[in-house]
Amino acid sequence: MNVSYNWLNEYIDLEGIEPARLAELMTSGGIEIDSVPARNQGVSKVVVGYVKAREKHPDADKLSVCTVDAGLGEDLQIVCGAANVAAGQKVPVALVGAKLPGGVQIKRAKLRGVESQGMICSARELGINDKLLPKEQQEGILVLPDDLEIGRDIVNVLGLDDHVLELDLTPNRSDCLSMLGVAYEASALTGRPLRLPDPAADLIVSAEKTSDYVKVGITAKEQCPHYAARYIKGVKIGPSPLWLQNRLIAAGIRPISNVVDITNYVMLEYGQPLHAFDASKVAGGRIEVRLAKEGETMVTLDGQQRKLEPHMLVVADAEKPIALAGVMGGLDSEVTGDTVDIILESARFAGATVRAASRQLGLRSEASARFEKEVDPARVIPALDRAAGLICRIAGGLVTEGIAEAGSAEAEPARIAISLDRINRYLGTSLSSLEIKTIWSRLAFEASETEPDSWIVTVPTRRPGVTRDVDLIEEVARLHGYDNILATPIEGPTTTGGLTKPQAIRRELRATLTRAGLHEAISYSITFPQRAALFPQLSGAGEGIRPIPLLMPMSEDRSVLRTTLLPSLLEAVVYNKARKTHDVGLFEIANVYHTAEEVLTKLPGEKPRLAFVLTGNRRKASWNGEAEPYDFYDAKGILEAVFERLGLTDAIAYEAAQPEHFHPGRTAAVRLAAGGESLLLGYVGQLHPDLQREFEIGDAFVAEIELAPVYEHAASRIEYRALPRFPAVERDLAVVVGRSVTAGELVSAVREAAGELLESVRVFDVYTGERIGPDKKSVALALVYRHADRTLTDEEVTAANDRALAKLEQSFGAELRK
Amino acid sequence: MKERLEALRQEALEQLSQVADAGRLNELRIQYLGKKGQLTEVLRGMGALSAEERPVIGQVANEVRAAIEAVIAQKQEAFEREETARRLQAETIDVTLPGKAPSVGSIHPLTKVTQEIEDIFIGMGYQIAEGPEVETDFFNFEALNLPKDHPARDMQDSFYITDEILLRTQTSPIQIRAMQQAGGKTPLKIICPGKVYRRDDDDATHSFMFHQIEGLVVGPNIRMSDLKGTLLQFVQKMYGPQVQIRLRPSFFPFTEPSAEVDVTCAQCGGHGCRMCKQTGWVEILGCGMVHPKVLEYGGYDPKEVSGFAFGMGVERIALLKYEIDDIRHFYYSDQRFLSQFNRM
C-alpha cells in the first residue's frame, strides 16, 4: 500500500510530523515502512503555459516553433519536438533556469537556428511514472486540462509536493490497506484526532426508486454474505479532475475515467473494492451472486476468455456472468465513454473464495488483494455512498432512492475481557489503569470497565485481526512501545541444559573426522532420480525402498529426496576437481529418507547417516617424501578411529563384500554385533572403477554407515582395567597360507585356539613374493601372553602357541615359516 | 736425574703444544707416560739413587707426570669438544623447511555457528530438541495456527509430497512435538536446530534448503520482558557485552505479540555502515509470545501457562559473522571454502 502523505493529512492533522518521522513512528508501531520517496524528483521553475500558436520549424521537419504564454507578461518562443503539441493547449513549460529530474537544467538555446526560451515537458521529463498515465499522455508532451491558471507552478498542479509512504504490511494488518485504516493507525500513534469524511455528503438523490431499475439476490450466501448496489442515472464519462488523478498516481494506480477512478479512489480510501457496471449491459435489471456453472465462460476486462469452475463466485445478470466476483469485471458490462447509467456494486465476498479463483486464474488485482484478507463489513454501505456521492459531484448524474441490497451488513464485533493485571503479567510491565485506558481511546476501541482495572473491549470490525486478549495485549505493547518493555530474567526453577546422546555423538564424530583431516560438507537433500539410483545396497532399492518425489519440484535436478549420501559427496568431488582441488577428503552427517510406499500415507523413515569420501593424496609430495595416495586402509582406519572413540571397536567386524557400484575386491561390509545380532551398518571400500570413470575421478575410497544403531550402542562409559602386575611374554608366529585366506580369519582362529592366556594378537607383516610361491602369502603375527596373577612359565606359553599354530595348520593348511 | 726429568717435561710440553689431533695426542701419551714410555724409562734409574735422593726425585717425577697428564687431559677435552662441534655442524638442518603436520580438517561453518548457539543456550539451561524434516501439514502449519486457507501461508511456498505431507518450512513443528512430549510439564526450555525447505529460487541470499534454530520456553509465568532478557543475554554472549537489541512489532501466526529483533551492527558498532544500510541495526531474529492456540495444540492450558518463542536463520548469522557474499557457498562443498573454517 502506497500512502500519499498529503492525502493522509486530510484525515489527520500531520502538522509538525515530517514524512520521515511519521514513517519511523509507524514502523516502531508495527507498520513497516521501507522508504518514503518524495514525489518531486527535482522539478523547479516549471509552470503551466498556454500554447498560443504553433508553426513548423523552418529547417527541421519534426520540430515546431511555439508561441507560449507562461504568465511572464511576455510570450516565449519555444522549439518543441513532440508531435502532439498544438495551439490552444495548456502544457507544462520549463522556464529558462528550470531544473528537471536527473540534473537537467534548462538554458536559453538555439535549435537548428531558432531560439528556444524554455522547454515544453512530457510526463516522463517531470519524473512521473508514465506507465500510470493514459496512453495518449505517454507519448509526447503532457497535455493539461484547459481550466488551469497560466503560470501556476507545475509541482502544485501535479501534486508533486508530496511524499509517498511505502507500507510493507504483515497479513494481520489488512486494515491498513485503506487510507482510513492508516489514518486510524496514525491517530493511535500520535494521539491526534481523526477528521473522517461524511460518506453521504455528496449524494444527490432523485425521486425514482432503485428497485424499479435493479434487483439483487445472493444464491451463494456463504461466499457472499452481503451485496449492495446503487443505481446512478445520467453520468457523463470523461477524465477525472487532476487532484483525483494525482492521488491515484501517488498510490500507483492508473487513472482511466471519472467513474472508474472514483471506484478506485474509494477503494483506496475505505479499503472496500467497488465495481461499476454499465446498466444498459446488465440484462433484465437483475443481479445474482452465485457460483459459476460447469462449463461457463466469460471475457474479463483484460480481454481474456476465462473458463470458470464451480468453486468460483460470479456476479451474474439474468443471463450470464458479468463479473468474476472480487477478482475482475467482465468486458461486456464495462463502463465506456458511451455509458449513461451505471450500477455501482459494493459487496463482501469471502476471502478464501476470492483467493482460490484469483490464484487459479493467475489474476491478482488491488480488489482481490483486499477481498482475500476480508473487507470490513461496516464499510460496505458507507463506501457505496461515498463513491455514489463522488460520482454525482464529479461525473454528474443522480442517484435513485434506496440501495438494492441482499444479505446483511451485520457482523458481531469482538468483545474481549481483559484486566490490567493480565496485561502487566503477560508483558512484564507496570502500566497504570490510566495508561491502558488512554491506549483504548487512542485505538478508538470502546472499553467498558466492568470492575476496577478490568474491561470489556469492543473491537471495531475494521480490525478483524484482534479477536483474543493476547491481540489486545499486543495493541497495548506496540502503543506503549516495545522499547519500553524491560529485559528481565526468567523466574522459576532453574533447569539444566545439555545434549542428548545422539547429539553428543555427532559432535564426537565431527571432532574425530576433522582430526583425520576431513572437511565437513552439507549438501542438498533433494536430488534427481538417476543419482538416487546409485548404491542400491545403501539406498535400500533392493528392499523396495524408493526415493520420495516432490509434488511440484522446482526442477528435474531437484525432484526426489535422497536415499543415500554418497552421490552428493561424489558430486562434491567432481565440483572440487573442476576447481583444481584434487586431494579431497569430505564427510557429511545427514538424514536419508526411506519409504517403501509409492504414495506416502505416513512419514518416511529418516535415517541419520555418516558418509565420507577420500580421493587423491593423503599427503602431497614434499621435499622429504613422495606423495602418499589415499588407499582402502585410510578409509577403514578412519572408521576404526570413529568406533574406537565410541567404545565400539570390539563390536565391529569387517567382511569382504561386493555391493553394487563398489570395487568387488576392495570393499568391506561393516557389521555391528549387538544383543546377539549382527547389524549391517554400511560399507567401506573403493568405488567401482566404472563409476569412477563415469564421474571422471581417480580412485576414490568411501564409506557410508547407519548411525541409529551407533547412537544406541555407543558406550561412553570408560571401564578402567588395573595395570598388569606381571610381565607379558611375546611370541611371533609367521605362517605361509594361501592368498585367499584373510588376516581376519587367521586372527580369530589364533584367538580361539590360544586360549585365555593370549592377551592380544596383531598382524605385523604380510609378504608375498617368489620366495614362498605364487599363490601363497606369509602373514606374521605378534602374540602377547599374560596372566593377571602370576608370571607365566615358558612351558605354558609354548603350549598355547603350539595350539594356535596347530589350529592354523589344520584350518588353513598353514606352514610355519622358518 | 733431576735434570733429565726437567728436560723430559720441557720436551713433552713442547711437543704437546704442537699437537693438532687426537691421534698424535695419544701417540705422545704413550711415548711419555706409557708402560714403555720415556718417564718410566727415566724412573728405572731410581734404583741407583741414594735413600735421601729417592723421595726428592720421586716427588719431582710425580710432578712431571701430573703436568704432562694435565696438559694431555686438557688437550683431549678440547679435541672432543671440537669433534662434537663438528658433528653438530654436520647434522644441521634447514629449520625453515615445512614440517610434517597431520592434516587438519574443518567443521562446516553452519555447524560451527549452530554449535556456538547451542552451547550458549545449553549454558542457559536449554535442552536441544529435534524433529523430522518430512512433516505433516498439521505439525508444520495447522498446529502453528496456520489453517489451510490462512493468508500467511502465502509467505512460504512449500515443497509438498502429498496434500498432507511436506518438507518442513520451519523448525517450529519441533516445538509442537516437544510440547506434546512434555505432557504439560513446566518449565520447558528447548532450542530446535535443523534443516528447512522452501520453494525459493536460489540466489546469493536465498536457498531452497537452509537451517534454522528456534527456541521455546513455556512456564507458569513467562513474560514478554523475559523474552527480551533472554535474547539480550544470548546476543551479548554471541556478539559481545556492548551489543544491544531492538524489538519491532511484527506478525507471525504462531506468536502474539510478535516482534522482529535487530542487534547492534557488529561491523560499525551501531554508527551506521553499508552492512546495516546506515541504520546501525541488523535484523537477526523473529520472536514473540506463544499464541494461545499453539499452546493448546501443544497440550498446555493458555490460562495456566504462557511462553515465548524465537527463531533465526543460521545461514544469515553465518553470512554476517564471516562476511560471506553468497549463501550458495555453504552447499557446494568447495574445499577451498570449507577449509577456511578449520580454527577453533
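The legends below describe close-up views of a predicted model.

**View 1. The contact between chain A and chain B.**
In this view of the predicted model, 76 residues of chain A are in contact with 72 residues of chain B. On the side of chain A that touches chain B, the elements that each give two or more residues are the helices α2 (19-28), α11 (420-427), α13 (469-480), α14 (501-515) and α17 (566-578), together with the strands β28 (519-520) and β31 (584-594). The largest share of this side, six residues, is supplied by α13(A). Sorted by class, the residues that chain A brings to the contact with chain B comprise 36 nonpolar, 26 polar and 14 charged.

**View 2. The packing of helices α21 and α22 of chain A.**
Helix α21, which spans residues 743-754 of chain A, packs against helix α22, residues 794-812 of the chain, at an angle of about 135°, and the two axes are 8 Å apart. The crossing of α21(A) with α22(A) is right-handed. From α21(A), the contact takes in L746(A), A749(A), V750(A), A753(A) and A754(A), while α22(A) contributes A800(A), R803(A), A804(A), K807(A), L808(A), S811(A) and F812(A). Nine of the residues in this contact between α21(A) and α22(A) are nonpolar, one is polar and two are charged.

**View 3. An open sheet of three strands in chain A, with a helix across it.**
The three strands of this open sheet follow the order β1-β11-β2 in chain A, and their pairing is antiparallel. Because β1 (2-4) and β2 (32-33) of chain A stand at the edges and have a single partner strand each, one side of each is left without a neighbour in the sheet. Strand β11, residues 164-168 of chain A, runs antiparallel to β2(A) and is joined to β2(A) by two bridges; in β11(A), L167(A) is the bridge partner of I33(A). Across β1 and β11 of chain A lies helix α6, residues 242-251, which runs at about 140° to β1(A).

**View 4. The two assigned domains of chain B.**
According to the domain assignment, chain B has domain 1, covering residues 2-91, and domain 2, covering residues 109-341. The centres of domain 1 and domain 2 of chain B, taken over C-alpha atoms, are separated by 91 Å in the predicted model.

Key:
Residues numbered from 1 in each chain as written. Chains lettered and ligands numbered in written order. Predicted model: local features only at pLDDT ≥ 70, side-chain atom pairs only at ≥ 80, totals over all residues. Contact = placed C-beta atoms within 7 Å. Helix = DSSP H or I, 4+ residues; strand = E, 2+ residues; numbered from the N terminus. Nonpolar A, V, L, I, M, F, W, Y, C, P; charged D, E, K, R; others polar. Axes fitted to C-alpha atoms, helices over the stretch in contact; angles between N-to-C directions. Left-handed = near helix turned anticlockwise from the far one by under 90°. Pairing = 2+ DSSP bridges. Domains from an automatic or database assignment.
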